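I opened the model to see what it holds. These are my notes, in the order of looking.

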Amino acid sequence: MQRFAGFVYQQVRLHCHPGQPRIDITLQPHRGIARRCGRCQRAAPGYDCLPERRWQFVPLWGIPTYFCYAPRRVKCAEHGVVVEHIPWSDGKRPVTCAMMGFLARWARRMSWRETARAFQTSWEAVYRSVEWFVEWGLQHRQLSGVESIGVDEIHWGHGLRADNFLTVIYQIDAGCRRLLWVGKRRSQATLRRGLKALGPEVVKGLRFVCSDMWKPYLQVIAAQAGQALHILDRFHITGHMNQAVDEVRRAESTRLRANGKDAARRLKRMRWTLLRRASRVRGRAREKLNALLASKLATARAWDLKETFRYFWHYRSPIWARAFLDYWCFRAMRSRLEPMRRVARMLRAHEELILNWFRAKGELSNGAVEGLNNKIRVVTRRSYGFRTFHAMEIALYHNLGRLPEPESTHRFC
Ligand SMILES: [Zn+2]
């Protein structure tokens, strides 16, 4: 253990209650070093002494360990009578900063419940530790140099109510990809709140904004970050396309089964095969897919449209890309498949924003939004243990925010 400036370890006692041993480390102020104000950390004359308090420390040899110390109060010229500066403590928290940092770091590798169990503390203590860690990080993070952001919606929990959606803002610059902000719901007000939290300087400095076609987002981005090139990114468009193919498959499958047709078998368990990129479908799945494509089923036509659209992303010039888009929409509109026609109408309505993808080519990596989106899903799926939105919010910042970390007097991991 290190020493704290101004304090000495006076006594270490091991309590051996059967079944629940405990280590108490009693600290005393160093006589030769002046006490300091808890708010400004300047030396100040003493005032009085408070009763002894206990702080939970990192368990030593697997035994719960506590710091015991009677804090003094000082009379600061500026702040009046306040509790002295205690280097291992932050305010009224019953856990030392070293322990909070320790739990928070482990909580990134294990679930909060596992962390609590491994270090003989409560879920609540882990929660508060991560919260403290994240708050510190958010206060000290640098937002200068953010040029590209991605705006995305995330579904969490059960149901489709407004509260089951989150709006997230990522930084997607090549040098730094991280979560910048997360907020409840996916309305205009949500995104406005998010941009406000980033501050006007960041919003004014944006060069690229990637988002989905969700209307409230489009409106807010146009109004607040008009100088940035707004791009509807590939990941979301592919998502809409896949959803449409799946809708065609489900409708057709229901129809065929109702009529007792054999063809219904061709569609059985084909969902993931159909959504995959054609070049990645191999083996038995490939045979089934070929058989399906040889049929006259609507699903086969929808699949063909989806695969054809992949060529769109290979263009370099926006002019040729636009020509291809026109051709594809024309085919989709004539396909008599309503979900595919809906995608075509959507693409047409947002043509300019989609073509911005080619105007920004080379400046933005196309996998950034998708990568962060996948990572968020990993965290929100673990969210059954989080209980509240706030808990999940801080877990997201903790895992994906790349936040700076508070310095600690002791470091264990
Ligand atoms: Zn002071």
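**Helix H11**

I began with Thr 299, which I found in helix H11 (residues 298-309). Helices here are DSSP runs of H or I of at least four residues, strands are E runs of at least two, and both are numbered from the N terminus. Before going on, I noted that this is a predicted model, in which local features need pLDDT of at least 70, side-chain atom pairs count only at pLDDT 80 or more, and totals for chains, interfaces and linings use all residues. Residues are numbered from 1 along each chain as its sequence is written, and side-chain values use heavy atoms, with hydrogens and water left out.

Is Thr 299 buried or exposed? Thr 299 is buried, at a relative accessible area of 0%. The cut-offs are under 20% relative accessible area for buried and over 50% for exposed, with partly exposed in between (1.4 Å probe, protein chains only). I then listed its contacts (heavy atoms within 4.5 Å). Leaving out residues up to four places away in sequence, Thr 299 touches Val 248, Arg 249, Glu 252, Leu 267 and Leu 274.

Next I went to Leu 305, also placed in helix H11. Leu 305 counts as buried, at 2% relative accessibility. Its contacts, again without residues up to four places away in sequence, are Trp 328, Arg 331, Ala 332, Ser 335 and Met 340. I checked Val 245 too: Leu 305 and Val 245 are 60 residues apart in sequence, and their C-alpha atoms are 8.9 Å apart in space.

I turned to strand pairing, which needs at least two DSSP bridges between two strands. Strand E1 (residues 7-17) runs antiparallel to strand E2 (residues 20-29), with 10 bridges joining them.

How do E2 and strand E5 (residues 63-69) pair, parallel or antiparallel? They pair in the parallel sense, over 4 bridges. Ile 25 stands opposite Phe 67 in E5.

Arg 72, Val 74 and Cys 76 make up its covered face, while Arg 73 and Lys 75 make up the uncovered one.

Strand E3 (residues 46-49) pairs with E6 in the antiparallel sense, over 3 bridges. Gly 46 stands opposite Val 74 in E6. E6 also runs antiparallel to strand E7 (residues 80-83), joined by 4 bridges. Here Lys 75 stands opposite Val 81 in E7. E6 and E7 form a hairpin, with 3 residues between them.

**The whole chain**

The chain has 16 helices and 12 strands. Of its 413 residues, 48% count as buried. Its C-alpha atoms fill a box of roughly 90 × 55 × 35 Å along the principal axes. For contacts with a separation of 6 or more, 59% come from residues 24 or more positions apart.
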